[in-house]
Amino acid sequence: MDETEPDESDVFSQEFWDQRYAGSERVWSGRPNQRLVELAAGLTPGTALDVGCGEGADVVWLAQQGWRVTGADISVVALERAEAHAAEAGVADRTSWVHADLVAGAALPGDQDLVTAMFVHVPEAEFDRVYTAIGAAVRPGGHLLVAAHHPDERDTDLRNPQLGHLLFGPERVTRVLRSGWTIDVAEARTRAVGGAHGHGHGHGQDHGHGHGSAVATDTVVLARREPA
């Protein structure tokens, strides 16, 4: 697998992500994101959409909690792998998959009880449009859960410095939501990761790579869309 640090000219393309997934048997850890487990565990299961689902660990975990989950991703290679992982976990009947390039304007399935976007970083010029679309997929009364790499990580060696401008704080998300939402959580949370030189600026799960240990800072937002 080519470990050359990507730049913004290619990191948002399907070709980039298909090649990245095809170049390794497993890109991510296979464990659900910590922030998902922390904040979704107390929600009543219903329908869910995981945006940027990668290899499907979050989709599988949600399905195991009783949700009916759709995973969406730009990479068809990732979606094929995620579908296989769901079958291996025995939750194929509770999961479905959608190929969606949000930066290119692809539509998302709506009317969801929960929409999750774990480490979905997009070009600044497209941020408002993409996160408005992600929020619009939540039904009235449903929840939106966002986790992302916080700008504090620009001062570490966890991220590709060429993409540091794509990191964002919780206020960036809450500004997009504006009216019609109740914000339950909007904060930065730290966590230990397994090493430096992590990736995840495009989409999908991030659990750290490399050797040694480091402290990552996550942007975390949990919001409830107010009933109509």
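How many salt bridges does the count come to? By the rule that a side-chain nitrogen of Lys or Arg lies within 4 Å of a carboxyl oxygen of Asp or Glu, the count comes to 10 salt bridges.

## Basis of the model

This is a predicted model, in which local features need pLDDT of at least 70 and side-chain atom pairs count only at pLDDT 80 or more, while totals for chains, interfaces and linings use all residues. Residues are numbered from 1 along each chain as its sequence is written, and side-chain values use heavy atoms, with hydrogens and water left out.

Within helix H2 (residues 34-40), Glu38 and Arg35 lie three residues apart, about one turn of the helix (helices are DSSP runs of H or I with at least four residues, strands are runs of E with at least two, and both are numbered from the N terminus). Their side chains meet in a salt bridge of 3.0 Å, N to O. Glu38 is partly exposed, with a relative accessible area of 34%, whereas Arg35 counts as buried at 3% (buried is under 20% relative accessible area, exposed over 50% and partly exposed in between, with a 1.4 Å probe and protein chains only).

Arg35 also forms a salt bridge with Asp218, the closest N and O atoms being 2.8 Å apart; this pair links distant parts of the chain, with Asp218 in strand E7 and Arg35 in helix H2, 183 residues apart.

In helix H6 (residues 170-177), the buried residues are Pro170, Arg172, Val173, Val176 and Leu177. Seen down the axis of H6, they fall within an arc of 165°, so they line one face of the helix (the arc is that of the directions from the helix axis to the C-beta atoms).

Arg172, buried with a relative accessible area of 12%, forms a salt bridge with Asp128, the closest N and O atoms being 2.9 Å apart. Asp128 lies in helix H5 and Arg172 in helix H6, so the pair ties together parts that are 44 residues apart in sequence.

Phe127 and Tyr131 form a stacked pair, 4.6 Å centre to centre with 20° between the planes. The rings of Tyr131 and Phe168 have their centres 5.8 Å apart and their planes at 70°, so this pair is edge-to-face.

Terms used. Phe/Tyr/Trp six-rings, centres within 6.5 Å; stacked < 30°, edge-to-face > 60°.
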